[in-house]
Amino acid sequence: MPFTPRNTPLPGLAKKTVTTESGIKVHHVKLKDGIVGEAVNGSEILINKDVEKDSKLYRRAIAHESLHAREMAQGKIYYNEHFVRDNGKEYPRKNGKIKYNGKWHHEGSHAFPWEKRAVKAEKKA
């Protein structure tokens with residue numbers, strides 16, 4: 001999905017974009033209520049600007065979304081508005097849900113294998 005920065009930082013103010021040690025750009029933006037982070041592509045992630053940068057939640061979100069970004073860069077996962085592809089298998093996606101093993105689950109559900117891997121990465125943060 002294309003990414004357009006939502007805000008540009010003003011000189012002298014806190015950065016809205018930083019880069020992780022692994023080279024992934026982290027954009028601090030306003031996200032929908034309840035959304036902490038989102039992987040945009042293989043080199044960029046979004047983190048809710050309201051998450052404290054020195055918090056455990058922030059570190060976990062960076063680890064979680066960075067794993068998704070790395071897997072996108074490797075071609076292991078891909079998504080668009082119609083489906084999610086994980087390891088070559090496509091799962092239908094619509095209205096904020098993804099069909100997995102015959103059931104529709106909300107996006108971000110820990111039932112999905114890609115989310116299980118990302119949650120495991122969080123625990124190392």
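Is Glu122 buried or exposed? Glu122 is buried, at a relative accessible area of 11%; here buried stands for under 20%, exposed for over 50% and partly exposed for what lies in between (1.4 Å probe, protein chains only). Some notes on the rest follow.

1. A word on the basis. This is a predicted model, where local features need pLDDT of at least 70 and side-chain atom pairs count only at pLDDT 80 or more, while totals for chains, interfaces and linings use all residues. Numbering starts from 1 along each chain as its sequence is written, and side-chain values use heavy atoms, leaving out hydrogens and water.

2. The partner of Glu122 is Arg60: the two form a salt bridge whose closest N and O atoms are 2.5 Å apart. A salt bridge here is a side-chain nitrogen of Lys or Arg within 4 Å of a carboxyl oxygen of Asp or Glu. The pair links distant parts of the chain, with Arg60 in helix α1 (residues 56-74) and Glu122 in helix α2 (residues 113-122), 62 residues apart. Helices (H or I, at least four residues) and strands (E, at least two) are DSSP runs, numbered from the N terminus.

3. Glu107 sits in the loop between β9 (103-106) and α2, and Arg93 in strand β7 (residues 89-94), so the pair ties together parts 14 residues apart in sequence. Arg93 is buried, at 17%, whereas Glu107 is partly exposed, at 37%.

4. Arg85 and Glu90 also meet through their side chains in a salt bridge, 2.9 Å from N to O. Arg85 is partly exposed at 29%, and Glu90 is partly exposed at 44%. Elsewhere, a network of salt bridges links Glu71, Lys76, Asp86 and Arg117. The whole structure holds eight salt bridges.

5. Now the sheet. Four strands make an open sheet with mixed pairing, ordered β1-β2-β4-β3; two strands pair if DSSP finds at least two bridges between them. At the edges are β1 (17-19) and β3 (37-39), each pairing on one side only. β1 runs antiparallel to β2 (residues 25-29), joined by three bridges, and Thr17 stands opposite His27 in β2.

6. Finally, α1 lies across β1, β2, β3 and β4 (44-48), running at about 155° to β4. Such angles run from 0 to 180 degrees between N-to-C directions, with axes fitted to C-alpha atoms, for helices over the stretch in contact (heavy atoms within 4.5 Å).
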